[in-house]
Amino acid sequence: MKSHSPGTNENAVIHLDPNEALVLFELLSRWAEPGHHAPDSKYFHANAECGVLLGVLASLEKQLSASFRSDYDKVLTDAREVLAHLWDYNSLQGQ
């Protein structure tokens with residue numbers, strides 16, 4: 001049973017365009033796959049954070065058909081190129 005803290009009775013809605021959804025799906029998929037590079041546990045403050053990210057991944061997986069396409073790698077590359085202008089740094093800290 002989910003419990004809510006006061007003031008959090010509403011769902012948050014995040015809108016992603018198809019390119020953003022695909023790039024985020026790929027990132028979270030890589031992190032969730034055993035044997036691949038993922039953020040170390042020191043970056044998470046609670047198990048709930050990992051659970052939320054896996055929930056986002058599951059939601060994206062249900063909504064995206066691109067991951068089943070034979071040209072998935074090209075579609076992903078194209079999506080990354082379209083979004084490349086959004087960030088010009090090597091880290092989330094802008095460095």
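Leu-64 touches Ala-21, Leu-22 and Phe-25, leaving aside residues up to four places away in sequence; contact here means heavy atoms within 4.5 Å. This leucine sits in the loop between α2 and α3, where helices (H or I, at least four residues) and strands (E, at least two) are DSSP runs numbered from the N terminus. At 15% relative accessibility, Leu-64 counts as buried, a label for anything under 20% relative accessible area, with exposed over 50% and partly exposed in between (1.4 Å probe, protein chains only). Leu-64 and Pro-18 lie 46 residues apart along the chain, and their C-alpha atoms are separated by 8.3 Å.

A word on the model itself. It is a predicted one, in which local features need pLDDT of at least 70 and side-chain atom pairs count only at pLDDT 80 or more, while totals for chains, interfaces and linings use all residues. Residues are numbered from 1 along each chain as its sequence is written, and side-chain values use heavy atoms, with hydrogens and water left out.

Leu-64 also belongs to the largest nonpolar core, which has 12 residues in all, among them Leu-22, Phe-25, Leu-57, Ala-66, Tyr-72 and Ala-79. Each of α1 (18-32), α2 (47-63) and α3 (72-83) supplies at least two residues of this core. Such a core is a set of buried Ala, Val, Leu, Ile, Met, Phe, Trp, Tyr and Cys residues joined through side-chain atoms within 4.5 Å. In soluble globular proteins, nonpolar side chains tend to be buried together. Ala-66, another core member, touches Leu-22, Tyr-72 and Val-75, again not counting residues up to four places away in sequence.

How do the helices sit against one another? α1 and α2 pack at an angle of about 130°, and their axes are 9 Å apart; axes are lines fitted to C-alpha atoms, for helices over the stretch in contact, and angles run from 0 to 180 degrees between N-to-C directions. That makes α1 oblique to α2, given that angles under 35 degrees count as roughly parallel, over 145 as roughly antiparallel, 65 to 115 as roughly perpendicular and the rest as oblique. On the α1 side, the residues that meet α2 include Leu-24, Phe-25, Leu-28 and Trp-31, and their partners in α2 include Leu-53, Leu-57 and Glu-61. By class, this contact of α1 with α2 has 11 nonpolar, one polar and one charged residues. The classes put Ala, Val, Leu, Ile, Met, Phe, Trp, Tyr, Cys and Pro under nonpolar, Asp, Glu, Lys and Arg under charged, and the others, Gly among them, under polar.

For α1 and α3, the packing angle is about 115° and the axes are 9 Å apart. These two helices are therefore roughly perpendicular to each other. Asn-19, Glu-20, Val-23 and Arg-30 are among the α1 residues in this contact, meeting α3 residues that include Tyr-72, Leu-76, Arg-80 and Leu-83. The residues of the α1 and α3 contact divide into nine nonpolar, one polar and four charged.

Leu-83, in helix α3, counts as buried at 15% relative accessibility. Beyond residues up to four places away in sequence, Leu-83 touches Asn-19, Glu-20 and Val-23. Leu-83 and Glu-20 are 63 residues apart in sequence, yet 7.5 Å apart in space, C-alpha to C-alpha.

Leu-16, by contrast, is partly exposed, with a relative accessible area of 38%. Leu-16 lies in the segment before α1 and touches Ala-21, Leu-24 and Leu-60, with residues up to four places away in sequence not counted.
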